[in-house]
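Please look over the model shown here before reading the notes. They go from the surface to the fold and then to one pair of side chains.

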Amino acid sequence: AAPATGNNRLAGPDMTSSDYYFNSYAHFGIHEEMLKDETRTRSYMLAICNNAHLFQDKIVLDVGCGTGVLSMFAARAGAKKVYAVEMSRIADQA
């Protein structure tokens, strides 16, 4: 396999479709775009916080958490423990 370069796990012909998928979420730009989408982010926040009874004292697993914003909303809603798991390299920056 090719060595890791920058935010890329692999480079060139050694990349699999999974590598391309996860690499697409490794760049801050896509996360910045989602976070700046106030309607989207606020809708998620309201959905979680307005249903706090579903999160209160629960253990939450946020798979593909990106920057962790939904994990933070779950914690704010009263989750006992939140596990935020991210495969892409955005986790190094988040």
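Accessible areas are computed with the Shrake-Rupley method and a 1.4 Å probe, and for residues only the protein chains shown count as cover. On that basis, the protein chain exposes about 6300 Å², and carbon and sulfur atoms supply 56% of this area. The model is predicted: local features need pLDDT of at least 70, side-chain atom pairs count only at pLDDT 80 or more, and totals for chains, interfaces and linings use all residues. Residues are numbered from 1 along each chain as its sequence is written, and side-chain values use heavy atoms, leaving out hydrogens and water.

**Fold**
- The protein chain has four helices and two strands, which are DSSP runs numbered from the N terminus (helices: H or I, at least four residues; strands: E, at least two).
- Along the sequence, their order is α-α-α-β-α-β.

**Burial and contacts**
- The protein chain has 94 residues, and 26% of them count as buried (under 20% relative accessible area; exposed is over 50%, partly exposed in between; 1.4 Å probe, protein chains only).
- Of the contacts (heavy atoms within 4.5 Å) between residues at least 6 apart in sequence, 39% join residues at least 24 apart.

**Salt bridge**
- The structure holds one salt bridge, meaning a side-chain nitrogen of Lys or Arg within 4 Å of a carboxyl oxygen of Asp or Glu.
- Lys36 and Glu32 form this link through their side chains, at 3.0 Å from N to O.
- Lys36 and Glu32 lie four residues apart in helix H2 (residues 28-36), so about one helical turn separates them.
- Lys36 is exposed at 62% relative accessibility, while Glu32 is partly exposed at 31%.
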